[in-house]
Amino acid sequence: MPLRRGLASTGIRLALMQAVILIGAFQAAGWLVGIATRQVMHRDAEAHVAAEAAALSDEYGAGGRTRLAASITLRSRRTDGVYYRLSRADGAHLAGELPQAPSATGWSFIDGDSAPPSANPASNQDIVVYARHLTNGDTLAVGEAMGAREQLRSQLLHSLFWCGLIAAVGGLGASLFVYGGVVRRVDGVVEAAREASLGRLDARAPVRHAFVPDDIDALAQAFNHMLAQINGLLQSIRQVSADIAHDLRTPLTRVRQKLDLLQRARASDPQLTESIGSINADIDETLRAFDAMLRLAEIESSRAIALQPVDLAAVALRVADAYRPDAEESGRQIDACLRPAGVMGDAELLTHAVANLLDNALKHTPEGTRIFLETGQGDGHPWLSVSDDGPGVPELHRAAVLERFFRLERSRTTAGSGLGLAIVAAIASRHRARLELLDAGPGLRVRLMFQSPIATAPSRIERRHWFTRSPRPNPLVSTEISL
Amino acid sequence: MQMRILVIEDDQQSRDYILAALACDGHDTQEAHDGETGLRMACDGSYDVLVVDRMLPRLDGLSLVRELRKSGVQTPALFLTALGSAEDRVAGLTGGGDDYLVKPFCFEELTARLNLLGRRAAAPRGGVLVCRGLIVDRLRRRTTRDGTPIDLKPLEFKLLEHFMLNPDRVFTRMMLLEQIWGFKFDPQTNIVETHMSRLRAKIDLPDQPPIIATVRGAGYCLRAA
């Protein structure tokens with residue numbers, strides 16, 4: 001939704017606000033200019049009219065009514081918008097074209113719109129009128145039409161309006177253009193950050209090669225520099241792991257190979273063969289712990305995991321089938337209730353996680369334990385859980401069991417690297433899933449909560465519900481299933 | 001079966017061990033100490049299998065196999081490396097390698113994989129597989145021993161089918177985990193051992209040697225005769 005996104009952007013909001021303020025400012029300016037010009041125009045017209053009236057009064061003083069009427073007739077020939085009217089005391093019209101006689105002496109105003117239309121050019125105009133009585137009782141009125149001045153005023157207001165409109169539209173357009181570029185470039189930085197958070201540290205924010213780099217370029221450059229640093233650090237960590245792997249595995253390889261050759265050369269000696277076998281087993285165990293450490297480092301630091309649609313139920317079914325005979329041999333039982341739970345994930349890593357959880361459940365529970373494997377989806381979160389009815393883990397130790405090399409029994413007699421759950425935690429974190437240790441009352445329930453589901457293509461798993469044997473009655477489990 | 005094998009490995013002790021052990025099994029071996037020499041020797045295409053270390057001086061193993069494939073030589077290659085990470089494994093297999101072995105390996109693991117690579121084309125095909133009275137019908141997914149039907153679970157059937165398709169070849173635990181279960185990690189439990197013993201209990205007769213024999217220290221192998 002580009003429009004909504006655009007409105008949400010700070011820059012676009014600022015541009016719109018600017019345009020609104022600009023239009024408001026121009027409106028206020030037009031109003032003030034209108035009032036001011038009107039006042040100036042009136043004052044100007046009044047001064048002109050007063051001067052005309054004084055000049056005509058002088059004519060009257062010099063030559064009486066006759067001279068005044070002649071002068072009025074003469075002046076009326078000019079087309080400068082000044083009109084006159086001389087009338088007797090009884091109201092009879094003597095000279096001049098001013099259409100109506102003012103009702104009183106002094107200043108008055110004729111509204112041109114209210115007058116009936118006529119051929120007289122003076123009618124239908126706004127006219128400022130000054131009237132005075134002469135000494136013989138006649139009334140002299142001088143008026144000036146505002147038409148020309150009004151035209152000037154409206155032209156002024158019109159140009160003000162167009163200037164304002166051009167300024168507002170042009171300003172908005174320019175802002176949108178600039179901010180559009182900014183939004184695109186900020187989007188580039190955001191996109192690079194998102195990529196990087198998914199582990200693709202070779203992602204970079206776009207930087208313009210402008211002559212004068214602006215603040216966004218500076219941001220993008222600083223951000224890219226940071227990514228490069230992080231990438232370099234991760235690379236060197238990975239390099240160190242690879243070096244350690246190489247440097248420690250090579251001598252171990254030789255020890256193992258020499259033992260191999262020795263065993264081949266002395267195959268007839270059963271006692272030696274047995275000793276070598278047990279030494280090899282020890283070496284293998286050391287290597288397995290070492291492999292687990294490398295694997296953990298790899299999961300945590302690997303650049304990107306291949307995200308594909310995976311049905312947790314299919315993964316769980318495969319692992320459960322693999323582990324079931326082994327569990328039965330050791331006097332335990334694996335039950336499964338698998339409902340479709342599609343996630344975006346790495347099938348190999350998820351398989352490893354489920355295998356580690358089952359390994360854990362088999363290793364740390366007494367004989368006769370029932371292990372319950374479930375997958376499903378609730379509240380928009382696909383999940384997978386492994387629970388058992390064994391002794392469980394005291395709440396005090398729940399956070400600690402996720403740490404490396406932690407074991408509940410201090411003697412460390414059980415086989416295993418102590419990294420199993422740490423690996424599960426790392427895999428969960430790479431999938432942005434939450435790893436929860438819950439009380440299954442009795443026993444432990446480990447649950448992986450994923451963030452968002454994806455629709456799984458109809459698979460064999462989806463068409464049937466996977467109940468293998470009866471699910472054990474467990475209040476916690478059954479409430480979870482009904483979600 | 002005797003194979004002509006080129007071992008490209010810079011570490012002298014590893015190389016000597018691999019050569020000694022392969023010679024012990026009657027294979028014809030040659031050696032190269034760096035990537036460039038290895039590439040030159042492998043280019044004539046006269047070898048059955050190549051054993052290539054990932055970290056080599058002058059030309060690394062991955063580039064070597066890539067170059068080789070570019071020039072049209074399709075000799076199967078097995079990578080050896082100390083790097084066991086999935087990323088490296090994927091890089092190795094997409095770069096033209098056919099299999100991947102992480103150091104340290106025991107000799108049986110190496111020979112088992114080399115045998116499978118070198119004789120890949122010779123695998124028997126067909127709908128019905130027979131071995132000493134054991135008949136596996138791949139289409140109907142039915143198994144009989146001397147006429148008596150045997151009820152196998154899907155995974156057990158898959159396991160048996162895998163062995164029947166590759167008679168007289170040794171499969172190590174790691175190979176089976178990869179090929180049957182698709183596990184690219186080492187589970188801490190005895191998955192393979194348990195499945196194998198269940199399968200054997202169903203297909204073997206008490207008075208006869210087992211169809212699938214245990215190769216001590218190495219893995220399992222179906223004995224055709």
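How many residues of chain A are in contact with how many residues of chain B? It's 38 residues of chain A against 36 residues of chain B, where contact means heavy atoms within 4.5 Å.

Before going on, some ground rules: this is a predicted model, where local features need pLDDT of at least 70 and side-chain atom pairs count only at pLDDT 80 or more, while totals for chains, interfaces and linings use all residues. Residues are numbered from 1 along each chain as its sequence is written, chains are lettered from A in the order in which they are written, and side-chain values use heavy atoms, with hydrogens and water left out.

Back to where the chains touch. Together, chain A and chain B bury about 3300 Å², with 55% of that on carbon and sulfur atoms; buried area is the accessible area (1.4 Å probe) that two parts lose on being put together, summed over both. There are two salt bridges between the chains (a side-chain nitrogen of Lys or Arg within 4 Å of a carboxyl oxygen of Asp or Glu). Take a look at A:E329 and B:R198, whose side chains form a salt bridge at 3.2 Å, N to O.

Which element gives the most to chain A's side? That's α4(A), with 14 residues; helices here are DSSP runs (H or I, at least four residues), numbered from the N terminus.

How confident is the predictor? On pLDDT, its confidence in each residue from 0 to 100, chain A has a mean of 79, and 83% of its residues reach 70 or more. Over residues 410-415 of chain A, though, pLDDT is below 50. Where pLDDT is low, the predicted coordinates should not be read in detail.

Note on methods:
Helix = DSSP H or I, 4+ residues; strand = E, 2+ residues; numbered from the N terminus. pLDDT = per-residue confidence, 0-100.
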